[in-house]
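Let's take a friendly walk through a protein model. Keep the structure in view as you read.

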Amino acid sequence: MKARKENKVYDINEASKQTYLDQGFDIYDDNGNPIEYTPLKTIKYNEHLKKLNEKDKKIDLLQKEIDELNSHKQQTADNVMDLLKGYAEVRGVDVGASTSAKGILEKILEAEKEM
């Protein structure tokens, strides 16, 4: 395991881990993955606000993408319904009170079996 602080990196063992944490070092495994961060780590409040603002912007962008995908999904579902209703009308198929694409399709398939 390694203790890292700024440009200093030391190979350490489990017994010395807490000593290095108390001195402001972060602890990483031998592959460079973080194990534990020093409790002494601080950031400036302005930097903290900047990071929060960046995260809020990312969240807003992701929410916008989700909303657009949901809108496209609804438009696609509406288009499928319109196509099926149009097809049924042209073929003279009574779809009755069917309100789902599956229901309309079943009515069309039933009617076509009888034709």
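Glu112 is partly exposed, at 27% relative accessibility (buried means under 20% relative accessible area, exposed over 50%, partly exposed in between, with a 1.4 Å probe and protein chains only). This is a predicted model, where local features need pLDDT of at least 70, side-chain atom pairs count only at pLDDT 80 or more, and totals for chains, interfaces and linings use all residues. Residues are numbered from 1 along each chain as its sequence is written, and side-chain values use heavy atoms, leaving out hydrogens and water.

Which residue pairs with Glu112 in a salt bridge? The partner is Arg91, with the closest N and O atoms 3.6 Å apart (a salt bridge is a side-chain nitrogen of Lys or Arg within 4 Å of a carboxyl oxygen of Asp or Glu). Arg91 lies in helix H2 and Glu112 in helix H3, so the pair ties together parts that are 21 residues apart in sequence (helices are DSSP runs of H or I, at least four residues, and strands are runs of E, at least two, numbered from the N terminus).

The structure holds five salt bridges. In one of them, Glu36 meets Lys17 at 3.2 Å, N to O. Glu36 sits in strand E4 (residues 34-36) and Lys17 in helix H1 (residues 17-22), so this pair joins parts 19 residues apart in sequence. Glu14 is linked with Lys17 and Glu36 in a network of salt bridges.

## The two sides of H3

Now look at H3: Gly103, Ile104, Ile108 and Ala111 are buried there. On the face turned away from the buried side, you will find the exposed residues Lys102 and Lys113.
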